[in-house]
Protein chains: 2
Amino acid sequence: MNNNSRVIIDFEPISRRLYYKKNENFYELLVNSGIRVRSLCGGFGSCGKCKILVQQGYEYLIPPTDSEKNFLSKDEIHGNFRLACQCKIAETQINLIESYPQPQIRVFLPQEILNEDFKILTSGINKGVNLSPNVKKIFIEVSKPSLENPIPDLERISYSLLSKNEFNENQFKPSFEIETLKKIPLILRKDNHHITLTLYGDNNIIDCEAGNKVTNNYGIAFDIGTTTLVGYLINLNDGKIYSVSSALNPQTAYGEDVVSRITYIKNNKEGLLKLNSAVVDALNKIIDETCNKSKILPSQIYEATIVGNSVMHHIFLNIDPTYIGLSPYVPAVKRDLNVRARDINLGINRGGYAYILPLIAGFVGADTIGVILSSEIDSESELTLAIDVGTNGEIVIGNSDVLATGSCAAGSALEGAHMKNGMRAAAGAIDTIKINHSDLSVTYTTINNKKPIGICGSGIIDAIAEMLKSKIITRSGRFSKELIDNERIVKNDKNLEFVLVKKDQTSIKRDITISQNDIRELQMAKAAFYSGTRIILNSLNQGVKEDYKIKQIFLAGAFGNYINKSNAKFIGMIPDISDDRIHQIGNAAGTGAQNCLLNINLRDKARKLLEKIDYIEIAVAEEFQREYAQAMYFPHLNLEHFPSLKEYESILKR
Amino acid sequence: MNNNSRVIIDFEPISRRLYYKKNENFYELLVNSGIRVRSLCGGFGSCGKCKILVQQGYEYLIPPTDSEKNFLSKDEIHGNFRLACQCKIAETQINLIESYPQPQIRVFLPQEILNEDFKILTSGINKGVNLSPNVKKIFIEVSKPSLENPIPDLERISYSLLSKNEFNENQFKPSFEIETLKKIPLILRKDNHHITLTLYGDNNIIDCEAGNKVTNNYGIAFDIGTTTLVGYLINLNDGKIYSVSSALNPQTAYGEDVVSRITYIKNNKEGLLKLNSAVVDALNKIIDETCNKSKILPSQIYEATIVGNSVMHHIFLNIDPTYIGLSPYVPAVKRDLNVRARDINLGINRGGYAYILPLIAGFVGADTIGVILSSEIDSESELTLAIDVGTNGEIVIGNSDVLATGSCAAGSALEGAHMKNGMRAAAGAIDTIKINHSDLSVTYTTINNKKPIGICGSGIIDAIAEMLKSKIITRSGRFSKELIDNERIVKNDKNLEFVLVKKDQTSIKRDITISQNDIRELQMAKAAFYSGTRIILNSLNQGVKEDYKIKQIFLAGAFGNYINKSNAKFIGMIPDISDDRIHQIGNAAGTGAQNCLLNINLRDKARKLLEKIDYIEIAVAEEFQREYAQAMYFPHLNLEHFPSLKEYESILKR
């Protein structure tokens, strides 16, 4: 009995496409494909832990079982939640689904059920900032009242503050948050009129504690990515990172990229609130986690700084992002914002604040300001290209004279989405690949040295570059006819595929391959970056005497940190400059948020950057179509753009 | 069968002492005493409406009946709630209760069950203020974005604002509340980029609406009294009062004066929160009520201004008032405060603010600042005494040169509390009294011309003054022996009483009398005012060449508005100056709150008053005991203080 079907199920947020076998339940499908899923009972429907959300194709499934009715609430059942171990496709539906050309079923795996630690890049370059935080703690001994001098508590506290040398009486007009005020009478008398005040900015007293608590002064920097969230807990007295936590952005349950999330918000009445709560809850979990690791309390965190792209920025603040997605692509606001943490439900100190870095324009958000602040591209003497490779791609080109930016719809191919065997960078992902040019045998490495499950972004770039060098594919991205009889090139549903790892060596018991479609996805992604870079460069070169040329590249973002630079050049994703001028700068956006927490002067700098930076709407540029089409070739239609690839001329000229 | 008992029950907040008859339920007791109580079933335990709270003496009552178990929640039963129509004193307990000299049972009547409209003074003098409110509405037409000029919403709005002539670009830096920001994308596009912004203060944009909504601009001024609450809804565009609502302060359930409320807070873990919620909920009901009357929405109210004494001020802000009640009597804060309405749960516009007038010191609160602002005593050329007669008494003495204030523990005798037949000013209260000096027959008037139920403050002053003039009592407050055989002078429990109204003419079927104890209560209250005035005056006269003398009196507060000026002088409550120099200025505290809403400059003035005003702690003054003892006499031990009472010399010299 052949129980293989041609039914594909997309699993998010891990970006895996799996082939469904008849009668298999979803738990078995996941586990057999090497995806570790949380379950206490081992898939027998008796623990209720393997809860999944069916986002598309619910109608094809068997109805909820008794076990599901037992473990799931009515709301969950109505909301299309299932238990993976109970959930199957109804046998009568299999033929129907197979008749569709596109995958019909999409399942979201909540973070709780994923056992694998994902490789979320949390570290970044740090060019070093001076410590000058916005939050200071001050210990004072307050005078006591008397019948002769019955001065109210707050006024006595103000006198004690003003008597400290560090404050200038003319400039320092302390104002007390109502939350502080409420505490004062009891706190003041708890430790003999010795108190510690928390000063936010120049004048705002946001907290008071009994006794001397000046050492407990923390901030947290957040990078809100479309796919991943990272929080850095920082001691504001010494500037050190005390702990870091990360998580997948739970908004991925509602759409994998910013455009699909905007669509979700437009089509669902409570959509904005749902997405907003999802991300805020996740950030609050990160707050708790970093605090637990460092043995401090969330109430000892007084400020959060935040970077994120424009859509993440708006949703985080509960502002409708719809008009960012519609021409002429304007956000509601771009200036930087100081918002009281409790107004946006952020679980730090009740009197605390969030500082949200400014947006640049359209889709180019506060994350790009973060990249510029931490990489200091605006101080470089030579023209530098910084690309931040995430679910969205942002491009910055600049030096001490000029600065321009734009965003390109790179899609999430480089994060493994839409690829037949693509996956995020997690244990078992193939991350580097070499192909023997004579016999096409493949050597590879995987993350954590586990049996391969799929290919992550850096592996995909390697695979394509190696397939080019081995003449398996041509410059236009097609399989070359010469090698079509090689045993590693197979046909599947009329599409050619190159077998990287044979099924007996994989965890998923199927070949891991690169398909013709995968090659197209990568071409589109790399063409978006390269053509975007060209268009921004063209705009800088308009009306100048001598053309600016890229002399240095900063690769930011998780993906940018792991790729093989030569191969990225070889496929034409980045301009052709020598490897030692290409720097991997890690999570530069997150570092920018940290720096703003450590030094308030960087907030002034961020505001000034907004005046200096040119925003280029890449997709509406006149030359966009031509540039994009030319960049679809490996490395480019015009080989003069890649002079260093001379040794491969014979291959590339084919 | 004589079923009369000597068991007294105190009913609050109406300040009525009623004699309990054996086997009577509390509903019958109330109704038979002329107090209208809400009930749908007429007292048969079948509607559950006559809910009351037994604050003291619960142990003397019969256990809850089936009807009570049916209509009251478990929490209510545990919290000593009863149904009036089911509740009786257990027969076995009557003798025990009678053996105590003091009343043992105290019952609180929630406002819902009281059918009587109380006479809460809501109007006051208004010397007229210029209209210059802190909240302005601005209509603008915002430019639309384009691909060439993809300027974010907020930035386009800012440009439109700055292009208005009324704003100076150098001074006007509009900042947007996060609540405003959240609304902007949708509001802007709702009516073709025509919007109305609400500007609070110089720069803060607290709301935005689609279209032109400049006419909907309201504020509300609150007077938070110990016993009564009043709210004035004011149109900030024309300065007119649109509607007024008042209510009893529900905190009276936890103690009738500020000292007993502080005690409640000290003794109950959640006490502060309970009292805070009670008053905030009541203010929110007033907001809803005034809005309904004026057919506007609470969201169209952008600012609330608030006056109240120091303890009411602290509880309203959820600040522990304990230390106001303990030597050296310091509040947590005295400066004026701007607090976001939603931070204190006030149900006006979400972006709105509350402005709380400053306190002076100790028990002298923002209500006194309100009195000074509205009476403009600080601009008078002649030395003026202002007394605010409420549950607490505040005294201000000043003119354009000097200004001093203090508070006196007048108790609530003048509001009818602790008097045998005392009651608040409500329908059926005797409010004026004349006694025929030859036959001691009494003529009187009642509020709303109803059959008399009791005596309110102005009636009590009249009664005492008339009893003095008719020689029924002596200057020391004792019944004079000469008239002791008159039929109107009766003995009750060994105490003498003067019968004002015989039982066949009352609603309560008992004599309405003034007892020896009532006279003592009044003596203490009036002595507190007069000695307080003397002590403040003494302090002003220290070290000055020529003594300051009171040349004018302002009587503020509900009670001050209704009393007979001559009689108030006759009993020695206020200094002896001619009637045409005594002005009744109504709810001057509330008017002060209104004025601060209408004109922001008065807030500067309030701050400056704090620097000018001297606070005198009356009770700790060296001469207090002597002054108080002398003032216990009618009108005073030293008759030279009251030269105008010469015609009564023969009576008073006895």
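I count a contact when heavy atoms lie within 4.5 Å. Helices (H or I, at least four residues) and strands (E, at least two) are DSSP runs numbered from the N terminus.

The model is predicted: local features need pLDDT of at least 70, side-chain atom pairs count only at pLDDT 80 or more, and totals for chains, interfaces and linings use all residues. Residues are numbered from 1 along each chain as its sequence is written, and side-chain values use heavy atoms, without hydrogens and water.

**Helix 10 and helix 16, chain A**

I looked up which residues meet here: A:I369, A:I372 and A:L373 of helix 10 of chain A touch A:L602, A:K605, A:A606, A:L609 and A:L610 of helix 16 of chain A. I took axes as lines fitted to C-alpha atoms, for helices over the stretch in contact, with angles from 0 to 180 degrees between N-to-C directions. The two axes come within 11 Å and cross at roughly 115°. Helix 10 of chain A is therefore roughly perpendicular to helix 16 of chain A (65 to 115 degrees counts as such).

**Sheet, chain A**

I found six strands in an open, mixed sheet, ordered 26-25-16-17-18-27; strands pair if DSSP finds at least two bridges between them. Strand 26 (582–586) and strand 27 (614–615) of chain A are the edges. Helix 10 (residues 366–375) of chain A packs on this sheet, at about 40° to strand 17 of chain A.

I also checked strand 18 (residues 403–408) of chain A, which runs parallel to strand 27 of chain A and is joined to it by two bridges. A:A404 has A:D614 as its bridge partner in strand 27 of chain A.

Technical notes
Chains lettered and ligands numbered in written order. Parallel < 35°, antiparallel > 145°, perpendicular 65-115°, else oblique.
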